[in-house]
Amino acid sequence: MTNNRREVPDRGTSRILKCKSMLVMWKKLWGVFCCWGMVTGGMAQDVVPVRALSSPEIINPAYYNRETGVSAALWYRHQWGKLEESPQYMGFSLHKLWTPGKWGTGVNGGYSKSGYRKDYQFGLTGDRGFALSENSRLSLGLTAGMQLVRYDWPENLGSAKPEDFNKEWFYVAGGVAWNYRELSLGAGYRGVCRDGGDGMYSRISLYGEYRIGMGSRWDILPRALYVYDSDWDSDLDLGVFAYYRNMAGIGLIWRKEQAIGVQGEMRLLDCLAVTYCYEPSTGTDANVFGASHEVSLKFNSGGLYRKK
């Protein structure tokens, strides 16, 4: 007599094994799909920090020429804090104006991380200033450098090796800035020569600010920054900043990418200032992305000799 009771557990076990096998297969396929998406279409955006509204040299090297003496800056941005693999960006610059109002040179670079991708950048900058008249000045700037793209994902995330997708790109950035009395206008360009069929990357920026004096203590500066990105779309940042005796300031910022920001700046010493910006998302996906945070530290030796 056959014992049929054993057939039921055997069938159930077989189904469980089949389900587990299918689950493992789908995980592998999903891992390969994620890796392929990151390499082909998931290029990290060339971030434009909020700090660029008050330090436009971040995106336009011509503005380095309006610094005095030796200047240095560090900035860090943590974008969309609610995401598990939220993007992070860091940047630095060091610049020296050799002849007042004329020649300047410097170095700059940065690091960014988004998911399994990491980018490293390092460049050299040269700039030149020209006095057009008593109240008008023109500055030109040029930066050239390398961008290293690196991938690092777990071994069980597909069969592709991350080092197979590592890339080295050459980039160049240039800009022009014009100042007339309290008005400043600038235009910048950044191009990246990408290999592997990724094509040429281009970014065009337009910047403007106007200083409005409110007596001997307060200055109000409306600022605008427009950026066209060939990989993504155009962005627009608008801000109004108020500074008290050049020692402290606050700014309100609106970003086209569905975000607003509040920026505070404090001068710790005559030559050193720290800035923080809180930038919550305001779009329909605000609960998904969350807020972004940005902090920067800026040094300028010109403050050591400023008359009080």
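Residues are termed buried under 20% relative accessible area, exposed over 50% and partly exposed in between, computed with a 1.4 Å probe on protein chains only. The model is predicted: local features need pLDDT of at least 70 and side-chain atom pairs count only at pLDDT 80 or more, while totals for chains, interfaces and linings use all residues. Residues are numbered from 1 along each chain as its sequence is written, and side-chain values use heavy atoms, with hydrogens and water left out.

**Figure 1. Confidence along the protein chain, given as pLDDT (the predictor's confidence in each residue, from 0 to 100).** The chain averages a pLDDT of 84, and 81% of the residues score at least 70. Among its elements (DSSP runs numbered from the N terminus, with helices H or I of at least four residues and strands E of at least two), helix H1, residues 7–40, has the lowest mean pLDDT, 42, whereas strand S7, residues 183–193, has the highest, 97. Residues 1–9 stay under 50 and have zero contacts beyond four places in sequence, a contact being heavy atoms within 4.5 Å. Over residues 15–44 the pLDDT is also below 50, but this stretch has 21 contacts in the model beyond near neighbours in sequence. Where pLDDT is low, the predicted coordinates should not be read in detail.

**Figure 2. The aromatic pair of Tyr-63 and Tyr-207.** Six aromatic pairs are found in a search of the whole structure. Rings of Phe, Tyr and Trp (its six-membered ring) pair if their centres lie within 6.5 Å; planes under 30 degrees apart count as stacked, over 60 as edge-to-face and the rest as tilted. The ring centres of Tyr-63 and Tyr-207 are 5.5 Å apart and the planes lie at 80°, so this pair is edge-to-face. Tyr-63 belongs to the loop between H1 and strand S1 (70–78) and Tyr-207 to strand S8 (residues 200–210), so that the pair links distant parts of the chain, 144 residues apart. Both Tyr-63 and Tyr-207 are buried.

**Figure 3. The aromatic pair of Trp-178 and Tyr-180.** With centres 6.0 Å apart and planes at 10°, these rings are stacked. Trp-178 is partly exposed at a relative accessible area of 30%, and Tyr-180 is likewise partly exposed, at 35%.

**Figure 4. Arginine residues over aromatic rings.** A charge sits over a ring if NZ of Lys or CZ of Arg is within 6 Å of the ring centre and within 35 degrees of the ring normal. Arg-190 lies over the face of Tyr-171, 4.2 Å from the ring centre. Arg-223 lies over the face of Phe-241, at 4.7 Å from the ring centre.

**Figure 5. Surroundings of Gly-290.** Gly-290 is found in the loop between helix H2 (286–289) and strand S15 (291–300), and is buried at 8% relative accessibility. Not counting residues up to four places away in sequence, Gly-290 touches Trp-80, Lys-82 and Ser-281. The C-alpha atoms of Gly-290 and Glu-279 are separated by 8.9 Å, the two residues being 11 residues apart along the chain. Trp-80 lies in the loop between S1 and strand S2 (88–97) and is partly exposed, with a relative accessible area of 27%. Although Trp-80 is not a glycine, its phi is positive, at about 55°.

**Figure 6. Backbone of Arg-181.** Arg-181, a residue other than glycine, has a positive phi near 55°. Arg-181 is placed in the loop between strand S6 (167–180) and S7, and is exposed, with a relative accessible area of 56%.
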